Amino acid sequence: MTVKCIGILTSGGDAPGMNAAIRAVTRAAIYSGMEVKGIMRGYKGLIADEFIPFKTNSVSNIIQQGGTILKTARCQEFMTPEGRKIAYDALVRENIDALVVIGGDGSLTGARIFAQEYNYPIIGLPGTIDNDLQGTDFTIGYDTALNTIMQAVDKIRDTASSHERLFFIEVMGRECGFLALNGAIASGAEAAIIPEVSKKDDQLAKLIDNGFRKSKNSSLVLVTEGDITGGAMKLAERVKNEYPQYDVRVTILGHVQRGGSPTANDRILASRMGAAAIDALNDDQRNVMIGIQNDKIVYVPFSKAVKKNKPFPEDLYNTLQILSI
Ligand code: F6P
């Protein structure tokens, strides 16, 4: 089937580089002779008929901007068959014959269900700071968030060192420890408490047993948010109770990690993936996420990309342990 008109939307948590992806998809589609319609507010806007015709200059001057010019939302209605029916009718009415969805695990899960239900062509782009989608080495936004974390931890280190304190720094990532682990390596932190390891081990107990502060007056520990690790606040409380002599502080980095101008890596990744989404449609690919593996663009079926635990980089975890002696 020849695709004549595509719709493009961003969904779920915003991620730096989403605008670069919107730009690339739009320009590559127009270059291929397709018409493009921007859909505002993710699946919400699809249900509420929020379509905007896009021309090449609709995406001018956005490659450097964080956030998403299309806005984004987490849409409960799209999780229901009734909501998806309204969305499908809107696409038919607008003569849109394929969708490009930029988002994370939840958004691509929605895309997968919709694509199956209506036999409708969708290409996904992995847009999330969490780097938790399988089948791609990197997601759009991860590199920028990692750099934001590194810069924040560098600053916290000044206080940790001056006051000889122990800091627990909480970062995002849901159930995935990539941001904490690589953030810790990049900033020279002592440890990363991450879901993949916390599931099996009491990491804090091990750190204490190993005397992680014996040879150091200050320490930085990065912690992935959420129930599996317990979060930075709870871990700090435990240490304070057991070791009242430690001067413990907590910093929760929060949404600062989602903002800002994308790094060169994220802009390039988003541009490559955006152009690849149009190649995929022209190659008659359907219901795949664009991924990158060993610097090569790959097509990953939705069923392999979402709701899976991305293999945990054991080697990086070992490296962190060796380097923090
Ligand atoms: O998926 C991206 C992410 O930033 C997660 O790391 C975090 O748990 C979540 O979104 C926060 O979502 P919200 O902005 O809706 O609070």
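**A ligand between two domains**

In this predicted model, the ligand lies between domain 1 (5–141 + 262–305) and domain 2 (144–258), because both domains give residues to the shell around it. Those two domains are how the chain is divided up, with domain 1 built from the stretches 5–141 and 262–305 and domain 2 from 144–258. Their centres, taken over C-alpha atoms, sit 34 Å apart.

Now for the ligand's surroundings. The space it takes up is the largest pocket. Around the ligand are Arg74, Thr128, Asp130, Met172, Gly173, Arg174, Glu225, His255 and Arg258. Sorted by class, that shell comes out as five charged residues, three polar ones and one nonpolar one.

Arg258 has a polar side-chain atom 2.7 Å from a ligand oxygen atom. For Arg74, a polar side-chain atom lies 2.9 Å from an oxygen atom of the ligand. As for overall cover, the ligand on its own has 400 Å² of accessible area, and the protein covers 74% of that.

How values were computed:
Residues are numbered from 1 along each chain as its sequence is written. This is a predicted model: local features need pLDDT of at least 70, side-chain atom pairs count only at pLDDT 80 or more; totals for chains, interfaces and linings use all residues. Side-chain values use heavy atoms; hydrogens and water are left out. A residue is near a molecule or strand if one of its heavy atoms lies within 4 Å of it. A polar contact is a pair of N or O atoms within 3.5 Å; within protein, one must be able to donate a hydrogen and the other to accept it, and residues adjacent in sequence count only if both atoms are side-chain atoms. Accessible areas come from the Shrake-Rupley method with a 1.4 Å probe; for residues, only the protein chains shown count as cover. On a 1 Å grid over the protein atoms alone, a cavity is a set of points where a 1.4 Å probe fits but cannot get out, and a pocket is an open set with protein on both sides within 12 Å along at least five of seven lines; lining residues have an atom within 4 Å of a point. A molecule sits in a cavity or pocket if more than half of its atoms lie within 2 Å of its grid points. Ala, Val, Leu, Ile, Met, Phe, Trp, Tyr, Cys and Pro count as nonpolar, Asp, Glu, Lys and Arg as charged, and the others, Gly among them, as polar. Domain bounds come from an automatic or database domain assignment.
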